[in-house]
Amino acid sequence: MADVRQVAIEEILARLSHVLRSAARPVPLHEPEFGGNEWAYLRRCLDDREVSSIGAFVTRFEADLARVAGAQYAIATVNGTAALHVALMLVGVQPGDEVLLPALSFVAAADAACYCGATPHLIDVDVETLGPDVPKLRAHLSRIVAPRHGGCVNRETSRRIAALVVLHAFGHPADLDEVEELCAHFGLPLVEDGAQALGSSCRGRPACTVGRAGILSFNGNKILTTGGGGALLTNDSSLAHAAKHLTTTGRVPHPWAVAHDRVAYNYRLPNINAALGCAQLEQLPDRLQRKRRLAEQYQAAFADLPGVTIVREPAYARSNYWLNLLALEGDVPGVRDALLSATHDAGILTRPAWDPMHRLAPFVDCPRMDLSGTDRLFARLVALPSSPALADGGAPAAATPAR
Ligand SMILES: *Cc1c(COP(=O)(O)O)cnc(C)c1O
């Protein structure tokens, strides 16, 4: 048995090595790329001494981002977690509430719910689409929710369920039509965690524009980076204005007076980060193309290998293929970790999915539905190096442009 697994791991390694044949070792999971106007725009910030909260790049970044992301409004923030915090507050999450959010996700949504004084309520994943298992969630809610005036109350905890967060996992969009219908049925506002999904869409609708609010991250490992940064997207003008106010210390607009009309947050993205963002946004179309090519190359390399699949975008969606995923089929205890070790030994820096929320100390006691899909998927997934520069064998990128 061990021999069979050893052969399988060596075969997987050989195929990964072929896809990444020209890339220098070690191959990181995802590298930032600066191939355009980054130097020019940063220089302008330095020359004008506009590196912080004053400067034109934030306004420009918000306008460019809204256009590229297909949203009416974009509000830039210091990071994606801050955007999630503000999004949850503005859709009405209050202390003592529960927030439905995926168990298989990065920790930011659960943390953001806690910042609001709410409790995460963990939901299961659809192992095919990586989005929420909507039929199972519907059955769960039908079982536990007491229809009560003005919202949705968890009969088992007596707490109000105030919102649903969906994740577009690894760039693959959740089925937003299905989710929208569920939200309408239960009267739940929808927040899209699209931190990984800029450029993805569901039946033609861009990710993060379907819910009342969506969020993006521009951390160093995302498809575009501003160093650190994030954004809240919405089509709701009053929510957009409230988000701007809440993320900029509640300051009252005035030519010279410094006054604040509420307790708020200093979540504003600095100008220097926004300058990077403006340059990065210009490169999104090219980056999406190369990511799609890399995904095709991984898929071709594993097409005829039994027991292993490369995760594809769902039929209803277009994914940005932020991270390619290898899924091991069947009951494979030990194989995932053996593969992670073998790839690391070979300088291919793969990673498992996030430890599910219900296994993290701060969230072990959170209310939850059956999470068998989450446990199953977590045991099977291995994320593969996916920098856009790895398309076509990972040949060295073109020289850095003149500065
Ligand atoms: C990166 C990420 C975030 C948070 O982004 P930061 O900018 O790092 O705060 C939130 N959710 C998911 C799914 C992410 O991948």
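The shell of residues around the ligand is made up of 7 polar, 4 nonpolar and 2 charged residues. This description rests on a predicted model. The points below treat the ligand site and then the protein as a whole.

**The ligand site**

- The ligand has 13 residues around it, and those that come nearest are Gly80, Thr81, Gln196, Ser217 and Lys222.
- Thr81 places a polar side-chain atom 2.6 Å from an oxygen atom of the ligand.
- The side chain of Ser217 has an N or O atom that is 2.7 Å from an oxygen atom of the ligand.

**Overall fold and dimensions**

- The protein contains 12 helices and 16 strands.
- Its radius of gyration is 22 Å, close to the 22 Å that the globule rule gives for 403 residues, so the protein is as compact as a globular protein of that length.
- The C-alpha trace of the protein spans about 70 × 60 × 35 Å along its principal axes.

**Interior, contacts and surface**

- Of the 403 residues in the protein, 54% are buried.
- Among contacts between residues at least 6 apart in sequence, 71% join residues at least 24 apart.
- The protein exposes about 17,000 Å², and carbon and sulfur atoms supply 54% of this area.

Technical notes. Residues are numbered from 1 along each chain as its sequence is written. This is a predicted model: local features need pLDDT of at least 70, side-chain atom pairs count only at pLDDT 80 or more; totals for chains, interfaces and linings use all residues. Side-chain values use heavy atoms; hydrogens and water are left out. A residue is near a molecule or strand if one of its heavy atoms lies within 4 Å of it. A polar contact is a pair of N or O atoms within 3.5 Å; within protein, one must be able to donate a hydrogen and the other to accept it, and residues adjacent in sequence count only if both atoms are side-chain atoms. Ala, Val, Leu, Ile, Met, Phe, Trp, Tyr, Cys and Pro count as nonpolar, Asp, Glu, Lys and Arg as charged, and the others, Gly among them, as polar. Helices (H or I, at least four residues) and strands (E, at least two) are DSSP runs, numbered from the N terminus. The radius of gyration is taken over C-alpha atoms; the globule rule is 2.2 Å times the number of residues to the power 0.38. Buried means under 20% relative accessible area, exposed over 50%, partly exposed in between (1.4 Å probe, protein chains only). Contact means heavy atoms within 4.5 Å. Accessible areas come from the Shrake-Rupley method with a 1.4 Å probe; for residues, only the protein chains shown count as cover.
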